[in-house]
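Dear colleague,

I am passing on a structure that will be new to you, together with some notes on what turned up when I went through it. Please have it open beside this message as you read.

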Amino acid sequence: MLIIQGSHRKTGNTAAAVKALAERLDAQTIHLADLKLAQFSYAGTTDDDFVQVIQKMIKHRKVVWATPVYWYTMSGMMKVLLDRISDLLKWNKDLGRQLRGLEMHIISVSEHDDVPQEFSNPFRMSAEYLGWTFGTYCHLYGKSGLLSAESMKRLDAFADQI
């Protein structure tokens, strides 16, 4: 299992969720803030860490995308990663085909238990388009890097489902 963390903070609520889940599932983690990911470009692929992330996704086959909720949607760096999948549809199709059948799960994290109902749509619809399985979605909440007791219960249930 691979967990991709899309938060800018290394000690925030999303980091707490990723750490707890990774320990429970003995999963490998990637923190997007540690990588160089360029925006999608119609001019072609760029020299960054995108292919390395994709190769890890291919290796693990089961991937949790964990992101804070920023302005009612995923973080910017998570959106960049999702946008960059276009590289695999346009220039690197052989690599992209290796992702077919991937299992995608989503965790969103905020300070309140009020995530927009449509939050998971970009993930779900992208998975459907790409031939991935959209698995479980879980919203967690907390403050100052401490998840609520309810969120810890949800995280346990999430881990049991994937």
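I would begin with a pair of charged residues, lysine 79 and aspartate 83, whose side chains meet in a salt bridge with N and O 2.4 Å apart. Please keep in mind throughout that this is a predicted model. The two residues are 4 residues apart in helix 3, so about one helical turn separates lysine 79 from aspartate 83. Lysine 79 counts as partly exposed, at 39% relative accessibility, and aspartate 83 is also partly exposed, with a relative accessible area of 28%.

A search of the whole structure finds 10 salt bridges, and some of them reach across the sequence. Aspartate 34 forms one with lysine 10, where the closest N and O atoms are 2.4 Å apart; this pair links distant parts of the chain, since aspartate 34 sits in the loop between strand 2 and helix 2 while lysine 10 sits in the loop between strand 1 and helix 1, 24 residues apart.

Lastly, I would look at the loop between strand 3 and helix 3, where serine 75 is placed. Serine 75 is buried, with a relative accessible area of 0%, and its side chain reaches the backbone oxygen of glycine 6 at 2.5 Å. Leaving aside neighbours within four places in sequence, serine 75 is in contact with Gly6, Thr67, Pro68 and Tyr70. Tyrosine 70, which lies in that loop too, counts as partly exposed at 31% relative accessibility, and together with Trp71 and Tyr72 it forms a nonpolar patch on the surface, with about 450 Å² of accessible area together.

Note on methods
Residues numbered from 1 in each chain as written. Predicted model: local features only at pLDDT ≥ 70, side-chain atom pairs only at ≥ 80, totals over all residues. Heavy atoms only, no water. Buried < 20%, exposed > 50% of the residue type's maximum accessible area, 1.4 Å probe, protein only. Polar contact = N/O pair within 3.5 Å; in protein donor to acceptor, adjacent residues only side chain to side chain. Contact = heavy atoms within 4.5 Å. Patch = residues over 30% accessible without salt bridge, like charges linked within 9 Å, V, L, I, M, F, W, Y side chains within 5 Å. Areas by Shrake-Rupley, 256 points an atom, 1.4 Å probe, with all protein chains shown as cover. Salt bridge = Lys/Arg side-chain N within 4 Å of Asp/Glu carboxyl O.
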